[in-house]
Amino acid sequence: EAQAMLTRNDDSFVSLPRRVSLAHQAGADLFISLHADALSNGQAQGATIYTLSHEASDAASAQLASQHNRADIIAGVDLTGSDDQVANVLIDLARQETRPRSEALASVFIEMIEAAGAPLNKRRQRQAGFSVLKSADMPSVLIEVGFLSNPRDRANLRDPVWRDLMISALVDAILAWRADDLATRPLVRQ
């Protein structure tokens, strides 16, 4: 069993740093940012899982990440404006543990979405500098469940049966990741 916490229950805006801060306040074990974005060329389709990288893995990832405000956050403390060298060392140390955990989380999401038969992007796992992924002390992924700029994805997102299928795949992935993470976490720390 897992408990989910939403950053909002309506169409109100919550700033990107506030979303991460809410996760820290709740003592979250992981952070998942769900999206259904649109790209101007309309070519993107299928689910994509993002993990953090300072350099985007491709132009589309860079375009999506550039739309987000960037802030480096550790344990809810915004390090923007801190000495760059000190902040970078602290962030890198914290990410030594969370990076492999985030990558494992992304892999399980891909596995479960594929097993559910939901469409995945041809480049299903990507990296980009999304600010919501920068919480160095918490495994984090950003999931594009589909693209509103693609007719098939847009139809899927409107279909309650498809949404239930995707939700089930995401829940299964979280539970599978948690079981594996609990077993391997002591090894990652070594």
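Analyst: Helix 5 gives the largest share of the lining of the largest pocket, 13 residues. This is a predicted model, where local features need pLDDT of at least 70 and side-chain atom pairs count only at pLDDT 80 or more, while totals for chains, interfaces and linings use all residues. Residues are numbered from 1 along each chain as its sequence is written, and side-chain values use heavy atoms, with hydrogens and water left out.

User: Which residues that line the largest pocket are the closest to its centre?

Analyst: A pocket is an open set of points on a 1 Å grid over the protein atoms alone, where a 1.4 Å probe fits, with protein on both sides within 12 Å along at least five of seven lines; lining residues have an atom within 4 Å of a point. Here 47 residues line the largest pocket, and M5, L6, I32, S33 and L34 are the closest to its centre.

User: Which elements each supply at least two residues of that lining?

Analyst: Helices (H or I, at least four residues) and strands (E, at least two) are DSSP runs, numbered from the N terminus. Helix 1 (16–25), strand 1, helix 3 (84–116) and helix 5 (160–189) each supply at least two. By class, the lining has 28 nonpolar, ten polar and nine charged residues. Nonpolar means Ala, Val, Leu, Ile, Met, Phe, Trp, Tyr, Cys and Pro; charged means Asp, Glu, Lys and Arg; the others, Gly among them, are polar.

User: What is the order of the strands in the open sheet?

Analyst: Two strands pair if DSSP finds at least two bridges between them. The four strands run in the order 1-6-2-5, with mixed pairing. Strand 1 (31–35) and strand 5 (120–128) stand at the edges with a single partner strand each, so one side of each has no neighbour in the sheet. Strand 1 pairs with strand 6 (residues 140–144) in the parallel sense, over five bridges. H35 has E144 of strand 6 as its bridge partner.

User: Is A169 buried or exposed?

Analyst: Buried means under 20% relative accessible area, exposed over 50%, partly exposed in between (1.4 Å probe, protein chains only). A169 sits in helix 5. A169 is buried, because its relative accessible area is 3%. Contact means heavy atoms within 4.5 Å. Leaving aside neighbours within four places in sequence, A169 is in contact with M112, I113 and A116. A169 and A116 lie 53 residues apart in sequence, yet 6.1 Å apart in space, C-alpha to C-alpha.

User: Where is D153 found, and what is it in contact with?

Analyst: D153 is in helix 4 (residues 151–158). D153 counts as buried, at 3% relative accessibility. Leaving aside neighbours within four places in sequence, D153 is in contact with A44, Q45, G46, P119, G146 and F147.
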